[in-house]
Amino acid sequence: MKPGARALGIAESYGDGADRSTLAGAVVRADGVLDGLGYEECTVGGTDATDAVGSILEAVCRPDVRFVLLGAIAPAWYNILDLDHIHSVVDRPVIAVTFEASSGLEDALEDAFDGTEQRDRLERYRSLPAREELSVGDDTVYVRCVGCGPDRAAEVVRAFTLEGGRPEPIRVASLAARAADSYAHASG
């Protein structure tokens, strides 16, 4: 991958007891240079995270951004992202990267929600592409992709991972989200 290739990473942060979660988007080049930031909020336990990601895309996803890397599929306490919708908005590969082995979210969704809220979340969760295990250096990550195949997603994740197991756009977005969240709580 060329050093100037860009990806938009999106990650979240929320404080204990907060009803809103901070999402940050970081445009980062493959050589690690930060090239833009954007912010949005979504509701903890809500269903508006996909729209919040869409707002970040509108704000910072320029034509030279070739990939979108998401640091979660269910930010803000099961506010499950619709990867197909995000891909249709941005018209470039969308790659969700998670960092822990898991048997899935179905049991947790069934325990946390009832009725329509449960049914809608389970439907969206079940519509997600399969999760693929990927070795990145000495680490293992788990990848879901829309708009590209697993081999291309693996190439992108590895190209944007400069050290450790976190792709730089997600790592920087996570730092930015935490900083914004800390600032909002300190000044609020």
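## Ground rules

This is a predicted model, where local features need pLDDT of at least 70 and side-chain atom pairs count only at pLDDT 80 or more, while totals for chains, interfaces and linings use all residues. Residues are numbered from 1 along each chain as its sequence is written, and side-chain values use heavy atoms, with hydrogens and water left out.

Both kinds of space are found on a 1 Å grid over the protein atoms alone: a cavity is a set of points where a 1.4 Å probe fits but cannot get out, a pocket is an open set with protein on both sides within 12 Å along at least five of seven lines, and lining residues have an atom within 4 Å of a point. Points are joined across faces, edges and corners, and a volume is the space filled by probe spheres set on them.

## The largest pocket

The largest pocket comes in at about 680 Å³. It has 27 lining residues, and Gly71, Ala72, Ile73, Thr98 and Phe99 sit closest to its centre.

Helix α7 (168-187) is one of the elements that supply at least two lining residues, along with β1 (6-13) and α2 (75-78). The largest share, five residues, is from α7. (Helices are DSSP runs of H or I with at least four residues, strands are E runs of at least two, numbered from the N terminus.)

## The largest cavity

There's one cavity of 30 Å³ or more, and the largest cavity has a volume of about 60 Å³. Its lining includes Ile10, Ala11, Glu12, Gly71 and Ala72. Strand β1 gives the most here, with three residues.
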